[in-house]
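Thanks for coming. I will take one structure today, and we can look at it together.

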Amino acid sequence: MAKWSRFNIVSVILGFGFLYLPIVLLVIFSFNESKLVTVWAGFSTRWYAQLWHNQSLLDAAWVTIRVALLSATCATVLGTLAALALVRYTRFRGRVLFSGMVYAPLVMPEVITGLSLLLLFVAVGLDRGFWTITLAHITFTMCFVAVVVQSRLLSFDQSIEEAALDLGATPVRTFFAITLPVIAPAVFSGWVLAFTLSLDDLVISSFTTGPGATTLPMKIYSQVRLGVTPEINAICTILIGVVAFGVLVASIVTKRRELQRERDERAAFAAIG
Amino acid sequence: MKSLGSIRRSFAPWADPASKPFISFKNVTKKFGDFTAVDELSLNIYTREFFALLGASGCGKSTLLRMLAGFEQPTSGEIILDGQNLAGIPPYRRPVNMMFQSYALFPHMTVESNIAFGLKQDGMPKADIAERVAQMLKLVKLEKFAKRKPHQLSGGQRQRVALARSLAKRPKVLLLDEPLGALDKKLREETQFELMDLQQQLGLTFVIVTHDQEEAMTMADRIAVMSYGKVIQVATPAEIYEAPNSRFVADFIGDVNIFDGTVATAEDGRVRVETAGGVPIRMASSQKLSTGARAAVAIRPEKIRVTRQAPQHAPLNAAEGEIWDIGYLGDMTVFHIRLKDGKVVKASSLNAVRAVEDPLGYDQQVWVSFGEDAGVVLKD
């Protein structure tokens, strides 16, 4: 085993410190008894209990979850279709342009995405609110789904689709009976990614929101401007928990599938030998 | 059960002008951009035939098969199957099934569901599906593995599942794309004979694509040797081997010695060729050749004798040389003999008698000779 040099230890501590110190502080202070955010006065869960009585926070959370569920689902459908088109139909006109355009939102500054969407919604006279936020979230999370699904499709053995056609399945049936089940784990990870991105988006939501549709990040941001309260710490801790849980589930699902496959393969070879 | 031989010996529908072909390729051309994969190709395949498409990679044999399955459309020409023009018919409505080189098993389905997949598409009643699946599992001896997923099987077992799946719908024609390529040599040889038995038992038409000439020779009733999108020769394995119609086929199938030369005389079914190396050859041949024309004589190594004394008919059909290399293969020995003009002739002899010390050794002066019916005269 490689020895841990002093340099390595220091760099690991610094790295993780940078990443997690603020989060750890936030989580700790969410359990603070005192109303003063920076003074520790003992352990308590009273701020969590108080959350349940803060109707505006709960409303914001509900809006956020609805937006995230709806936009992640739509983005997954669209992103998967885009990935299929990009991988399968390699010879259509303007493919390079199309793929570039699908990926552009990945690197586009959020402010620009948000502003351009706002201009669009104003131009077409769409009332801003829940639906405009959802549309905006579909737009920017779709490309993430497309990237995830595309990387899976590149290693997809297309002869299994041909085999299905050969055995009498129509192209539509082939897609639902063969293609989709095989790429399902990638589609699912794409969905989780889109869901978490939508959950914690602030910039694009702020641009595209209207009266009556405030998402949780927006609510938190506006409250923080009046001073950080322990209540905010509590809601943020919950948010961190939800996102971490989602990512954890997604990675465990993929990991377990891999492990299962390896085990099965070993068993198969053992049976021959 | 009848033995294969009793059926096969009398099976030759291609020689009977009254029999109608089951599959017909008529002037089929397939182009991918500038590349011509299949070039004005015409070919007939008959019912119950085991037909092999043989050629090096890129010769168009797989493209031909994929056009028959419906995955590619011909650029021009027609494909007729059982009297029906296949143009415009999608793969899922063709009465053919294919066994893929990669097996293409559905990874998320069990062996059972893989085999049942095609039957379900036809809307067959559940009970019938179960019965047919059980029957197919028995046929390929995989009853114990019905509930397994493809990745829980060995390569040979996967190959059997693929075979069972492609046979489950009882297609009129089974297409096999390099079906044994991924198996090791011993398993491959076993499976070749199993496939032949299966084809006879089920009475199906098989079209197989392969680059392995031994595989084609072993299994097929007829072989089409392909090169650059064209069929060079279509004939039985014996005809292909003993009477190749061109230098390409002679060279592609098995080992061969080719003597180039010019025709000296051609009469009474015999041709005399003066070879470049100065070996005068007389060969039985019905070819119409004119004096002075360029010709080549192809002779298989096992039809060349190696002796220490000059044969009686020398110098006709004989040449003196020196043993250059010896390859001992157990069942036979291969000699490379260098003639005086530097040409190396391959000769093989069966080791019919146990002899640890061969009388013929390295650097020995020997004669190579052959009979008048040993070789084939090819037009150049």
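Y228(B) counts as partly exposed, because 15 C-beta neighbours fall inside 10 Å; burial would take 20 or more, and exposure 12 or fewer. Before going further: this is a predicted model. You will find Y228(B) in the loop that runs between strand 9 (222-227) and strand 10 (230-235) of chain B. I picked this residue for its backbone: phi is positive, about 45 degrees, although Y228(B) is not a glycine. As background, most residues other than glycine have a negative phi.

Which other residue do I have with a positive phi, near 65 degrees? That is R48(B), again a residue other than glycine. R48(B) belongs to the loop between strand 2 (35-45) and strand 3 (50-54) of chain B. R48(B) is partly exposed, with 16 other C-beta atoms within 10 Å.

Now chain B as a whole. DSSP gives nine helices and 20 strands in chain B. Along the principal axes, the C-alpha atoms of chain B occupy a box of roughly 75 × 50 × 40 Å. Of the 380 residues in chain B, 38% are buried. If you take the contacts in chain B between residues at least 6 apart in sequence, 64% of them link residues at least 24 apart.

On to chain A. How many helices and how many strands are there in chain A? The count is 11 helices and zero strands. Written along the sequence, the pattern of chain A is therefore a plain run of α, that is α-α-α-α-α-α-α-α-α-α-α. The box for the C-alpha atoms of chain A, again along the principal axes, is roughly 70 × 65 × 35 Å. Buried residues account for 30% of the 273 residues in chain A. For contacts in chain A with a separation of 6 or more, 78% come from residues 24 or more positions apart.

One helix pair in chain A is worth a slide. Helix 6 (residues 130-154) of chain A packs on helix 8 (residues 171-199) of chain A at an angle of about 155 degrees, and their axes are 9 Å apart. That angle is why helix 6 of chain A is described as roughly antiparallel to helix 8 of chain A; the cut-off for that label is over 145. The crossing of helix 6 of chain A and helix 8 of chain A is right-handed.

Which residues meet there? From helix 6 of chain A the list includes H137(A), T141(A), F144(A), V145(A) and R152(A). Helix 8 of chain A answers with residues including I183(A), A186(A), G190(A), L193(A) and S198(A). By type, the residues of the contact between helix 6 of chain A and helix 8 of chain A are 11 nonpolar, five polar and one charged.

Last, the contact between the chains. It takes 20 residues from chain A and 22 residues from chain B. On the chain B side, the elements giving two or more residues are strand 6 (96-99) and helix 3 (111-121) of chain B. Which of the elements gives the most on that side? Helix 3 of chain B does, with three residues. The chain B side that touches chain A sorts into 11 nonpolar, eight polar and three charged residues.

That is what I have.

Definitions and conventions:
Residues numbered from 1 in each chain as written. Chains lettered and ligands numbered in written order. Predicted model: local features only at pLDDT ≥ 70, side-chain atom pairs only at ≥ 80, totals over all residues. Contact = placed C-beta atoms within 7 Å. Helix = DSSP H or I, 4+ residues; strand = E, 2+ residues; numbered from the N terminus. Nonpolar A, V, L, I, M, F, W, Y, C, P; charged D, E, K, R; others polar. Axes fitted to C-alpha atoms, helices over the stretch in contact; angles between N-to-C directions. Parallel < 35°, antiparallel > 145°, perpendicular 65-115°, else oblique. Left-handed = near helix turned anticlockwise from the far one by under 90°.
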